[in-house]
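The tour goes from one selection to the next and says what to find at each stop.

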Amino acid sequence: MAMMTCRSLLLLLLISLFVSFGFAEIRFTEIRSDVRPIIPFDEFGFTHNGRLELNLSQIDLSDKNLDLNKIGFFLCTRDTWFHVLEQLNDHHVTCALDSELVKVVFRFESLKGKTSVNAVFPVNNADQYTLLFANCLTQVKVSMTVRSAMYNLEGKQNSRDYLSAGKTILPRVYFLLSLVYFSLAGIWVYFLYKKRLTVFRIHFFMLAVIVLKAFNLVFEAEDKSYIKRTGSAHGWDVLFYIFSFLKGIMLFTLIVLIGTGWSFLKPYLQDKEKKVLMIVIPLQVVANIAQVVIDEASPFGQDRVTWKQLFLLVDVICCCAVLFPIVWSIKNLREAARTDGKAAVNLMKLTLFRQYYVVVICYIYFTRVVVYALETITSYKYLWTAVLAGELATLAFYVFTGYKFKPEAHNPYFAIDDEEEEAAAEQLKLEDEFEL
């Protein structure tokens, strides 16, 4: 059952490999002796009052005596780029810079012997554009340092907004969600105090996960807020990555511990359950390192696809690994229900773990697959909705986990009469006959 789920999850996650949505902060890129005909730099959603700042320095061409009109930068939408490729294939144009479908930002013929240039290009047609460099002279090697900054001018004072249109409200979304998690943490502390006689160690572990998630959202809000205003995170990204790392490890560890029934069903972990943790925790370290590289690299960097493949592979392995302890608990509870004479008690536990298994699968599918699908099909103006959908799914998962595994003053497992016991035994018998 778990292996089938893992195979289908891996297949669905592959669609996210080719999806890249950057926040288009100020970027510095070095190009050295590059002969690629097209080099993509960054992607950004402009409003009707957008700007592109392009600063080139240390420009060096292997041959400066050719037609430099064939080398330069341009902006292009995704849909338009397919038409440009058709024009090139049909030989209607010989260079992407010559197509009337692109917005030419700068041609190297304007250098006139200079090795640096600063250009500001206004964008008045709202759309999502990609900044590309074209070198239609195959024999020319290009070296340069590129600083690119894309932003929209907002309000009466024309203040700069470095977040892509559609993601500009994310700082507020993250901050409001952090308040929700801090509120949940406060409610959980009150609940633990009220039910302190039936609190297990796993409940304090749940509290730690909630608090880490709340701080993670606070630092992500500050990270995006500084990028929005200045184009740089000013160190907030470091705190965000640290708490994202801790939250990721703690969340997957929590799912494994709940799946094993640690502390509330048994006070110890079996060897195979410890091995799962020994797999999940190091893989989460690798996944977080890969995520940092993906976030910090250019959306079209040469190594970005490799790191994204690594991240997806590790993420799939972690998602599959956390399912096995739940499956083992379900199997053990079914066997116990047939042998120890407490059919109703074990049936209730079995039902709870079955529900949790289904919810974990739904959570993994939604946050790994559905969110990527939303980013793919949603207009660039509303990309924040995909982020919000993923965060609400995570919030729902946290609430469900806390509600189902909360401490109880009167354990319902021991408040079962004889009729419920007989009914549960009959249900288990019917399930066994159905499986046969």
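Select Asp 161 and show everything around it. Leaving aside residues up to four places away in sequence, Asp 161 touches Phe 44, Tyr 151, Asn 152, Glu 154, Thr 168 and Lys 228. This is a predicted model, so what you see here is a computed arrangement.

Stay on Asp 161 and colour by secondary structure. The residue sits in strand S9, which covers residues 159-161. Is Asp 161 buried or exposed? Its relative accessibility is 4%, and because the cut-off for buried is under 20%, Asp 161 counts as buried.

Next, select strand S2 (38-46), strand S7 (residues 127-135), strand S4 (71-77) and strand S5 (103-107). Together they form an open sheet of four strands in the order S2-S7-S4-S5, and the pairing is antiparallel. S2 and S5 are the edge strands, each pairing on one side only. On average, neighbouring strands in this sheet are turned by 20° against each other, direction ignored.

Look along one pair at a time. S2 and S7 run antiparallel and are joined by eight bridges. To follow them, pick Gly 45, whose bridge partner in S7 is Gln 128. Then pick Asp 42, which stands opposite Leu 131 in S7.

Move to the other side of S7. How many bridges join S4 to S7? There are seven, and these two strands also run antiparallel. Here Phe 74 stands opposite Leu 132 of S7. As you step along a strand, remember that in a regular strand the side chains alternate between the two faces of the sheet.

Why is S7 described as largely enclosed by the rest of the structure? Eight of its nine residues are buried.

Now go to the later part of the chain. The unreviewed UniProt entry lists several spans as "transmembrane region", including residues 306-328 and 380-400. Select residues 306-328: the span is 96% helix and 0% strand, and its end C-alpha atoms lie 34 Å apart. Residues 380-400 are 81% helix and 0% strand, with end C-alpha atoms 32 Å apart.

Select helix H10 (residues 384-404) and check its length with the distance tool. At 1.5 Å a residue, its 21 residues should span 30 Å. The end C-alpha atoms are 30 Å apart, which agrees. Among the buried residues of H10 are Ala 386, Gly 390, Glu 391, Phe 397 and Tyr 398.

Finally, zoom out to the whole protein. It has eleven helices and nine strands. Of its 436 residues, 51% are buried. Among contacts with a separation of 6 or more, 81% are between residues 24 or more positions apart.

Conventions. Residues numbered from 1 in each chain as written. Predicted model: local features only at pLDDT ≥ 70, side-chain atom pairs only at ≥ 80, totals over all residues. Heavy atoms only, no water. Pairing = 2+ DSSP bridges. Axes fitted to C-alpha atoms, helices over the stretch in contact; angles between N-to-C directions. Contact = heavy atoms within 4.5 Å. Buried < 20%, exposed > 50% of the residue type's maximum accessible area, 1.4 Å probe, protein only. UniProt positions renumbered as here; feature names shortened; annotations may be inferred. Expected span 1.5 Å × (residues − 1).
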